[in-house]
Amino acid sequence: VAHKLSADGWIVLAVGRTESKLIETRGDDSYIHVQSGDMTVSADVKRVFEFAGKLGQLARVVHCAASFRSVNLVDATDEQIDSTANDLRMTLLVVRAAVKTRAVEVVLISSFGGIPSLVLPGSTLYSASKVAMLGIGVAVRQEHPNAKLVIICPAAVDTPMGHQAATERTGTGLAEGVALSASDVAKAIERGLDETNATQWV
């Protein structure tokens with residue numbers, strides 16, 4: 001997604017906990033910058049937004065927070081539940097910081113798993129974080145009607161997490177040709193930003 005957006009003229013700041021993964025994501029793309037940080041920590045969120053401001057006028061924040069955990073709720077460990085709660089905390093902190101930064105457009109990457117009618121057994125924890133993200137986005141739109149906030153709800157995406165989720169469900173991974181590409185998601189982001197407070201199902 002980052003490479004497609006940079007190819008379309010975005011200056012991208014990729015943020016995550018693990019610097020080595022961020023550097024791997026960046027590759028040799030000079031339009032992608034990286035900054036490690038734990039976005040469940042308020043001080044790190046503030047530091048990352050300040051760093052983004054140094055790169056130029058911060059125009060957009062694209063946020064995706066979730067780790068797929070294929071487990072029934074009764075079998076979930078306390079650590080897995082805490083991790084899901086941290087996904088929610090991360091979304092709240094990032095969206096709060098973005099809305100406070102006036103004139104910033106916000107894109108939330110939810111999921112088909114965030115649509116109640118499409119939730120599958122064994123996805124309670126994952127869907128909890130994605131349903132919450134959908135609710136946060138809709139509520140913030142109402143609280144701040146002048147803010148530009150787009151919600152993207154993609155189906156399976158051809159990423160390591162997408163393959164992990166499919167393998168845990170089916171034992172065989174993603175079937176060839178059925179998953180969205182990262183480029184498809186990037187196009188949905190750009191399409192959503194061209195509309196007014198859109199919710200994109202892709």
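Let's start with burial: a residue is buried if its relative accessible area is under 20%, exposed if over 50%, and partly exposed in between, using a 1.4 Å probe and protein chains only. What you're looking at is a predicted model, in which local features need pLDDT of at least 70 and side-chain atom pairs count only at pLDDT 80 or more, while totals for chains, interfaces and linings use all residues. Residues are numbered from 1 along each chain as its sequence is written, and side-chain values use heavy atoms, with hydrogens and water left out.

Now the overall layout. The protein has 7 helices and 6 strands; helices (H or I, at least four residues) and strands (E, at least two) are DSSP runs, numbered from the N terminus. Read from the N terminus on, the order is α-β-α-β-α-β-α-β-α-β-α-α-β. There are 202 residues, and 43% of them count as buried. As for contacts (heavy atoms within 4.5 Å), take those with a separation of 6 or more: 64% of them come from residues 24 or more positions apart.

Two strands pair if DSSP finds at least two bridges between them. Strand β3 (residues 60-63) and strand β4 (residues 105-109) run parallel and are joined by 4 bridges, with arginine 60 standing opposite glutamate 105 in β4. On its other pairing, β4 is joined to β5 by 4 bridges, and these two run parallel as well. Here valine 107 sits opposite valine 150 in β5.

How are the faces of β3 and β5 covered? Strand β3 has a covered face, made of Val61 and His63, and an uncovered one with Arg60 and Val62. Strand β5 (residues 149-153) has 5 of its 5 residues buried. Both of its faces are covered, with Leu149, Ile151 and Cys153 on one side and Val150 and Ile152 on the other.

On to the helices, with α4 as the one to watch. Helix α4 (residues 78-100) packs against helix α5 (residues 124-143) at an angle of about 20°, their axes 9 Å apart. Axes are lines fitted to C-alpha atoms, for helices over the stretch in contact, and angles run from 0 to 180 degrees between N-to-C directions. That angle is why α4 is roughly parallel to α5; the cut-offs are under 35 degrees for roughly parallel, over 145 for roughly antiparallel, 65 to 115 for roughly perpendicular, and oblique for the rest. On the α4 side the contact includes Ile81, Leu88, Leu92 and Val95, and on the α5 side it includes Leu125, Met133 and Ile136. By type, the residues of this contact are 11 nonpolar, 4 polar and 1 charged. In that scheme, Ala, Val, Leu, Ile, Met, Phe, Trp, Tyr, Cys and Pro are nonpolar, Asp, Glu, Lys and Arg are charged, and the others, Gly among them, are polar.

Helix α4 also meets helix α3 (residues 42-54), this time at an angle of about 40° with the axes 10 Å apart. The pair is therefore oblique. From α3 come Ser42, Val45 and Phe49, and from α4 come Arg89, Leu93, Val94, Arg96, Ala97 and Ala98. That contact divides into 6 nonpolar, 1 polar and 2 charged residues.

Finally, a few single residues. Serine 6 is in helix α1 (residues 2-7), and it is buried because its relative accessible area is 8%. Leaving out residues up to four places away in sequence, serine 6 touches Val12, Asp29, Tyr31 and Ile32. Glutamate 19 belongs to helix α2 (residues 19-26) and counts as partly exposed, at 46% relative accessibility.

Over in helix α7 (residues 182-193) you'll find serine 183, partly exposed at 27% relative accessibility. The C-alpha atoms of serine 183 and alanine 2 are separated by 9.0 Å, though the two are 181 residues apart along the chain. And glycine 192, where we came in, is in helix α7 too. Its C-alpha is 7.7 Å from that of isoleucine 152, a residue 40 residues apart from it in sequence.
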